[in-house]
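Open your viewer and get ready to select residues. This short tour tells you what to pick next and what is there.

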Amino acid sequence: MSKLESAKVLVVGGSSGIGLATAKAFAEQGAHVVIASRSAAKLETAVAQIAGKVTHVVLDTTDEAAVEAFFATSGQFDHVVISAAQTPGGPARKLPLQDAYTAMNSKFWGAYRVARLVDIAPGGSLTFVSGFLSVRPSGGSVLQGAINAALEALARGLALELAPVRVNTVSPGLIATPLWDKLDAQARQTMYDGAAARLPARRVGQAEDVANAVVYLATTPFATGSTVLVDGGGAIA
């Protein structure tokens with residue numbers, strides 16, 4: 001029997017990309033998965049793609065009142081994953097301050113709001129999704145690196161505060177997700193090919209690669225306060 005059989009799992013940001021792949025991975029192992037995101041339409045589409053026990057809820061983690069209302073009635077979860085975020089980026093001197101505030105509010109404060117209110121079973125887990133820019137900064141994405149580093153530090157502190165709940169972070173590199181659909185197909189493939197050539201893994205990541213790491217952390221009782229890089233070697237290349 002799977003360690004996740006009948007576990008109750010919440011995936012915030014579970015309607016697309018890494019979050020959707022993570023929800024699928026948990027459901028495949030017998031968990032009852034609740035996926036949350038801002039878009040009802042995306043949630044309905046995602047539910048149709050997940051084989052297993054799944055329900056969905058519209059939740060905007062930037063809305064403090066909505067987060068409080070949801071967790072007041074949601075009950076206890078065994079595992080919680082937070083991968084939802086909107087992070088407009090660019091060089092610090094060109095990125096409008098309002099966009100910077102929006103990015104921090106979405107990815108860091110959104111995760112913080114969930115972490116401080118969610119009820120997780122003792123021995124269960126909370127997993128954040130950050131990004132390898134926390135250890136391999138980019139001059140064009142300074143804020144993203146700072147937010148990711150802040151998330152990882154938050155996880156380490158919460159691993160102490162919330163024990164015996166385990167708190168970890170998965171830090172992806174370049175992952176082929178709908179995030180890049182704003183590029184035309186040829187430009188997107190050129191970017192992927194160039195990245196793959198530079199990476200020691202010689203490939204671009206897939207959402208399922210990150211989902212595997214999330215499930216590993218959830219099902220490994222000795223893992224807490226950890227940051228797991230899933231970046232094809234991007235941090236060392």
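**Stop 1**

Select helix α1, residues 17-28, and helix α7, residues 207-218: they pack at an angle of about 50 degrees, with their axes 8 Å apart. That angle makes α1 oblique to α7. The crossing of these two helices, α1 and α7, is right-handed. Keep in mind as you look that this is a predicted model.

Now show the side chains in the contact. From α1, pick G17, I18, A21, T22, A25 and F26. They meet A207, E208, V210, A211, V214, V215 and A218 of α7. Colour them by type: ten are nonpolar, two are polar and one is charged.

**Stop 2**

Go to helix α4, residues 97-117, and display α5 with it. What is the angle between α4 and α5? It is about 15 degrees, and the axes of α4 and α5 lie 10 Å apart. Angles under 35 degrees count as roughly parallel, so α4 and α5 are roughly parallel to each other. The crossing of α4 past α5 is right-handed.

Select A100, A103, M104, K107, F108, A111, Y112 and A115 on the α4 side. Facing them in α5 are L143, I147, N148, A150, L151, L154 and L158. In this contact of α4 with α5, 13 residues are nonpolar, one is polar and one is charged.

**Stop 1: a serine in a loop**

Move to S134, in the loop between β5 (120-129) and α5 (142-161). Is S134 buried or exposed? S134 is buried, because its relative accessibility is 18% and the cut-off for buried is under 20%. Leaving aside residues up to four places away in sequence, S134 touches G145, N148, A149, E152 and S171.

**Stop 4**

Most residues other than glycine have a negative phi, and most peptide bonds are trans.

P164 sits in the loop between α5 and β6 (166-172).

Then jump to S6, in the segment before β1 (8-12). S6 is exposed, with a relative accessible area of 53%.

Finish at R202, in the loop between α6 (185-198) and β8 (205-206). R202 is exposed, at 57% relative accessible area.

How values were computed:
Residues numbered from 1 in each chain as written. Predicted model: local features only at pLDDT ≥ 70, side-chain atom pairs only at ≥ 80, totals over all residues. Heavy atoms only, no water. Helix = DSSP H or I, 4+ residues; strand = E, 2+ residues; numbered from the N terminus. Buried < 20%, exposed > 50% of the residue type's maximum accessible area, 1.4 Å probe, protein only. Contact = heavy atoms within 4.5 Å. Axes fitted to C-alpha atoms, helices over the stretch in contact; angles between N-to-C directions. Parallel < 35°, antiparallel > 145°, perpendicular 65-115°, else oblique. Left-handed = near helix turned anticlockwise from the far one by under 90°. Nonpolar A, V, L, I, M, F, W, Y, C, P; charged D, E, K, R; others polar.
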